[in-house]
Amino acid sequence: WFPGTSFKRNATIWKAKMEEFVDRPYEFVKSEIKKGTARPSFVSTLLEPPNSLSFSSDNTKVAEDTATDDHDIRWTANSMYSASIDTTITTLSHFVLAMVQNPHILQHAQAELDVVLGSGVDGVAGQASKTKRLPTFEDRARLPYCDAVFTETLTETRVEHGLTQPDTYEEIHIPKGSLVFGNIWAIMRDPDANSDMVGERDPRAFVFGFGTRQCPGNHLVESSIWLLITSMLATLDIRKAKDERGVEIEPVVRFENAVFRTPSPFMCDIHSRSEEALRLIMEGE
């Protein structure tokens with residue numbers, strides 16, 4: 001032990017955690033491939049022949065290529081997953097909180113889903129789910145209300161940007177390298193911002209970045225979050241928690257994450273809408 005060297009101990013711990021974060025999912029897929037039970041994925045596709053083989057008459061070169069491929073695949077897969085996990089969790093946390101605080105919105109969205117995914121008759125709020133299957137992207141055009149819920153949820157998401165050069169905003173000097181957070185909620189409601197935009201503003205134009213600094217994975221993230229939210233709406237009831245006397249507990253809303261505007265843990269009650277919904281959840285695992 002020596003004063004001022006705790007960062008070295010922390011670095012050792014963080015390095016081990018990072019390597020585990022990268023290696024465990026990758027080794028799991030390799031194990032599933034060997035057992036013949038792997039589901040189609042980015043990793044499984046690249047590890048299947050001929051992608052996993054480097055053809056060469058030089059055995060040493062083949063070994064080197066295989067090791068390089070192994071390293072590249074596991075770290076690329078991790079980058080694809082980890083780059084979106086924080087923003088996905090943030091968006092879903094806001095969605096759950098919004099449904100807890102606005103049960104009438106939840107019921108309206110579920111009624112729309114019951115019509116599209118169920119028997120074709122109007123869903124009735126408060127009744128068991130009529131959903132017979134999970135939503136797919138082909139259903140999106142027929143789910144305008146659910147799409148509006150999803151779009152509104154996006155306005156609560158923010159991603160930090162690093163300044164590549166010094167800047168000045170309203171006489172405030174911002175040094176190079178500073179992290180800057182765009183206020184998506186304010187941008188959506190500022191009549192002077194992007195005045196060339198006519199009518200309702202789409203948060204997709206801002207939530208994934210600004211101008212040329214758009215997130216390259218925005219289409220993947222948007223599609224996955226839309227599918228998660230609509231699947232949750234179709235299969236789950238999301239309500240306020242109740243105490244031992246049956247009195248609803250108002251969620252305590254706090255934002256303590258300095259980087260991502262994620263609500264701190266709050267109490268709620270989430271359960272399947274019906275036995276059929278539970279079956280769909282279990283089959284989708």
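Among contacts in the protein between residues at least 6 apart in sequence, what percentage join residues at least 24 apart?

**View 1. Contacts across the whole protein.** In this predicted model, the answer is 60%: that share of the contacts between residues at least 6 apart in sequence joins residues at least 24 apart. As you look around, you can find 9 helices and 8 strands. The protein has 285 residues, and 32% of them are buried.

**View 2. A nonpolar patch on the surface.** Here you meet four residues, Met18, Phe21, Trp75 and Tyr81, which form a nonpolar patch. Together they have about 370 Å² of accessible area. Two helices contribute to the patch: H1 (6-35) and H3 (59-101) each supply at least two of its residues.

**View 3. Tyr81, a member of the patch.** Let's pick out one residue from the previous view. Tyr81 sits in helix H3 and belongs to the nonpolar patch. Is Tyr81 buried or partly exposed? Its relative accessibility is 47%, so Tyr81 counts as partly exposed; the partly exposed class lies between under 20% (buried) and over 50% (exposed).

**View 4. Helix H4 and its buried residues.** Helix H4 covers residues 103-117, which makes 15 residues. Now look for the buried residues of H4: among them are Leu106, Leu113, Val116 and Leu117. The buried residues of H4 also include Ala109, Gln110, Ala111, Glu112 and Asp114.

Notes:
Residues are numbered from 1 along each chain as its sequence is written. This is a predicted model: local features need pLDDT of at least 70, side-chain atom pairs count only at pLDDT 80 or more; totals for chains, interfaces and linings use all residues. Side-chain values use heavy atoms; hydrogens and water are left out. Patches are made of residues with over 30% relative accessible area and no salt bridge: like charges are joined within 9 Å, nonpolar side chains (Val, Leu, Ile, Met, Phe, Trp, Tyr) within 5 Å. Accessible areas come from the Shrake-Rupley method with a 1.4 Å probe; for residues, only the protein chains shown count as cover. A salt bridge is a side-chain nitrogen of Lys or Arg within 4 Å of a carboxyl oxygen of Asp or Glu. Helices (H or I, at least four residues) and strands (E, at least two) are DSSP runs, numbered from the N terminus. Buried means under 20% relative accessible area, exposed over 50%, partly exposed in between (1.4 Å probe, protein chains only). The expected span of a helix is 1.5 Å times one less than its number of residues. Contact means heavy atoms within 4.5 Å.
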